[in-house]
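Biologist: I should like to go through the terms applied to this model and hear the grounds for each. Please set every value against its criterion.

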Amino acid sequence: MASSEGFLTDEQREVLKIAAHNAETLSSSPKSPSSLLSEHHLKVGGRAPTTGIAVRHVRRSHSGKFIRVKKDGAGGKGTWGKLLDTGGDSHLDRNDPNYDSGEEPYQLVGTTVTDPLDEYKKAVGTLIEEYFSTGDVDLAASELRELGSTEYHPYFIKRLVSMAMDRHDKEKEMAAVLLSALYADVITSTQISQGFLLLLESADDLAVDILDAVDILALFIARAVVDDIIPPAFLTRATKLLPESSKGLQVLQTAEKSYLSASHHAEMVERRWGGSTHVTVEEVKKKIADLLREYVESGDASEACRCIRELGVSFFHHEVVKRALVLAMEIRTAEGVILKLLKEAAEEGLISPSQMSKGFARLAESLDDLALDIPSAKSLFDSLVPRAISEGWLDASFFKPSGVDGDIPNGDDEKVKRFKEEVVTIIHEYFLSDDIPELIRSLEDLAMPKLNPIFLKRLITLAMDRKNREKEMASVLLSALHIELFSTEDIVNGFVLLLESAEDTALDILDASSELALFLARAVIDDVLAPLNLEEIGSKLSPNCSGSETVRVAQSLIAARHAGERILRCWGGGTGWPVEDAKDKILKLLEEYESGGVVSEACQCIRDLGMPFFNHEVVKKALVMAMEKKNDRMLDLLQECFGEGLITINQMTKGFTRIKDGLRDLALDIPNAEEKFTFYVVYAKKKGWILPAFGSATVDGTPFPAAAS
C-alpha cells in the first residue's frame, strides 16, 4: 500500500478524471474545477485544508497562499473587488490628471422641434414684404426658386394674396402680376389652384379682419382666370368642395356673377387695381375728362395729344374717343375742335384704328341712355360717323352690317356668347390634357360649325399669351382640326379675324405680329393652308394695316432657305423632330413590325410619335411596304389602328389619296402597283377605313371598283 503522503487515492483519481473531462463545460459554470475539488474535500499530498471553509471562498495569491475573500468575490487583500462595484460615495474629481469628461453622467437637454412649414411661412413672409418694397418680380421669383420646398407653394399663394388683401390697390396689383410671372416657370397651375382653395377655405377668418374680404378675394380669383393661370372650371370644382354656408362659396358666386359674367369683364378685371400704372380706372377716366375740357378751352391739339400720350394707357384710348364725342354733342360749339383733335390723334398713330372704331362702337351702344340727357344724340351720332369716315380717321367697315366677329352671321347673339364661353373652357382643358380627340368631341357636341373661325381666333389668341408648349399644341391642334372638322375656308376666315384685331392684340402681347406670322407660316408648312391662301387672306385686309404686314412677314418666312424645318422647330415641335426625322421613325417601326413584330407594340410606337395629324404618312408607307414585300400583313396593322381609333377615317383617306397621287411614279419600281392599290381600295372600303367618296377616284381613267357587299 502506497504511502498516503504525496499520492492520490483511487477515489481522488476518479474525481480528477471526471473534472478534467468536463473542464470546458465546467469553465462556464459559476463553479470552477477547483471548487468541485474542494467540495469533495480533496487532500493534496494527503493533507486537507486547515479549516472547513469551502474552496470557492478561498483564492490563491501570487505567492501561492490561500486568502479568504468576502462573499461574492468582493474585497480582500490583493483582489480586484466586486464586479461593477463603484462605491457608494465615489465621485469624479475634475482636478484629477486622469479626469475624462466622457465619464460625466449624461444630462438630457430640452430643445424645440421646428416645423418645416412654419420655417417656410416665415421665409416667404419676408420675401413678400421685400417684393412689395422693391417691386422686383425677377428677384422674387429667383428667391422663391432658391427657397425650394415646392410642395409648400400653395401656402405661398395663400400668404401672398392674404397679405395683399389688407393693403392698397398697388400691392394687390403687384400680387396679381407676380402670380402671372411665377405661373408655369416656378409654380404650377395645380399649385395655384390649391393655393386659392386654401384661401377660400379660410375666407371666414379673413372676413373677420378685412371687411370687404369676399369682394377682394373674388376679384383675385377673377383676375387669375382672366390671366389664364387657373382654368374657369376651377370655380365649378371648388364650389363642390365648400360648405353651403361658407364665405368661400360667396366668394365664388361674386367672382362668377359680378366679374366674369360682366360685359368686357377681362378689361374691367385687369384694370380694377390700376394695372401696370397703379392708377384706378376711375382716376384715368377723370384725367381724360379734365384734359378734354382743357383742350376745348385752349384749342391746343398738340398739348392735348401730349397729355393723352402721357396717360400711358393705349389700350384705353377708346375711352378718349367716346368721351370726346359725348363732349362734342354736349357742347355744340366745340364739335369742330373735338373732331380736329381726333383726326390729328389718328393721323399721328396715337389712337389706333381699332381703338377709334371701338370708341364709336361703345358710344353707339349707349345712345339710348345718352338720349335721355341729349335728345338729339342719335341724329348727331349718325352725322358724325360719315364725316369721320370721309376724312379717313374712322374705318369705313364701321358702317357694315354688324355680324359676330366680321363675316360670321350673328343669328342668336346669346348662343354666340355662350359658344365663346364654352370654347375658352374647352381650350383651357386641352392645354392641360393635350387630348385632341376629346376636344374634337366637345366641338362636335356644340354643333355650331359656322362659328369655327371664332374658335380658331380664340385658340391662337390664348396660345400667343402662353409658353411655347401651348403655341406648339395650338399648331398641332389646327392640323388635326383641318382634317377632322374645319374647312380651309374656316381657317382662312379665322386668320382674317385674328389679323383684323392684330393691333388690339399687340397692346396686350408685345410680339403679337411676329407670333401671328409664325402661326400663318406654320399652317402653310403643315399643309393646313396653301401659299395662295395667304394672298387670299391679305386681299381681305386693308393694305396699310398691321395685319397685311404680318401676312407679308409670313410669306417671307416661307420663302427662306430650309424654311420647313426651321418653322416646324420654331416652338420646339410636337416631338422636337423635323418631318424627315418623323418619316424615318415611321419607316423603322413598320420594318420592325413587318419582320415579326407584335401589332400592339407597333400601335404603341405610332401613338408615341405624338403626331396624330401626320398618321396619313403611316398609312402611305404601310401600303407601299405591303406592295414591295408582297405581304398583306400591313393590312392587319392598319385594321388594328383604325379599330382603336388611332388612325381616323380622314387620315386613312388622306394616306390612300397620297398613294393615288403618286401611283404612276410608284409603278416604275413596282410594276403591279395599280393592281395592288385597286385591291387595297376595295378592301379598305369593305372595312370602312376610307370615305365613300373615294370610290369615284380613278387611275389612268379607270374607276376603282365599288366595294363588294
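Biologist: Why is arginine 466 called buried?

Modeller: The model is a predicted one. Arginine 466 has a relative accessibility of 13%, and buried means under 20%; arginine 466 therefore counts as buried. This residue lies in the loop between α23 (452–464) and α24 (468–484).

Biologist: What makes the link between arginine 466 and histidine 428 a polar contact?

Modeller: The two side chains approach to 3.0 Å, and the limit for a pair of N or O atoms is 3.5 Å. Not counting residues up to four places away in sequence, arginine 466 also touches Tyr183, Asp228, Phe431 and Lys471.

Biologist: Why is the pair of tyrosine 430 and phenylalanine 431 called tilted?

Modeller: A pair of aromatic rings is described by the distance of the centres and the angle of the planes. For tyrosine 430 and phenylalanine 431 the centres are 5.9 Å apart, and pairing requires them to lie within 6.5 Å. Their planes stand at 40°; under 30 degrees would count as stacked and over 60 as edge-to-face, so the pair is tilted. Both residues are buried, and the whole structure holds 12 aromatic pairs.

Biologist: Which aromatic pair links distant parts of the chain?

Modeller: Phenylalanine 656 and phenylalanine 677 form a tilted pair, with 5.9 Å centre to centre and 40° between the planes. Phenylalanine 656 belongs to helix α35 (residues 649–661) and phenylalanine 677 to helix α37 (residues 673–687), 21 residues apart.

Biologist: Why do phenylalanine 656 and phenylalanine 677 count as buried?

Modeller: The limit is under 20%. Phenylalanine 656 has 0% relative accessibility, so it is buried; phenylalanine 677, with a relative accessible area of 0%, is therefore buried as well.

Biologist: What shows that the charged end of arginine 633 sits over the ring of tyrosine 593?

Modeller: The charged end of arginine 633 is 4.2 Å from the ring centre of tyrosine 593, where the distance criterion is within 6 Å.

Biologist: How do you know that the length of helix α18 agrees with its number of residues?

Modeller: Helix α18 (residues 353–365) has 13 residues, which at 1.5 Å a residue should span 18 Å; its end C-alpha atoms are 18 Å apart, so the two agree. Among the buried residues of α18 are Met356, Phe360 and Leu363.

Biologist: Which residues touch the most other members of the largest nonpolar core?

Modeller: Of its 61 residues, these are Leu144, Phe156, Met165, Phe196, Leu200, Phe220 and Ile221. Helix α10 (residues 213–226) supplies the largest share, 12 residues.

Technical notes: Residues numbered from 1 in each chain as written. Predicted model: local features only at pLDDT ≥ 70, side-chain atom pairs only at ≥ 80, totals over all residues. Heavy atoms only, no water. Core = buried A, V, L, I, M, F, W, Y, C linked by side-chain atoms within 4.5 Å. Buried < 20%, exposed > 50% of the residue type's maximum accessible area, 1.4 Å probe, protein only. Helix = DSSP H or I, 4+ residues; strand = E, 2+ residues; numbered from the N terminus. Expected span 1.5 Å × (residues − 1). Polar contact = N/O pair within 3.5 Å; in protein donor to acceptor, adjacent residues only side chain to side chain. Contact = heavy atoms within 4.5 Å. Phe/Tyr/Trp six-rings, centres within 6.5 Å; stacked < 30°, edge-to-face > 60°. Lys NZ or Arg CZ within 6 Å of the ring centre and 35° of its normal.
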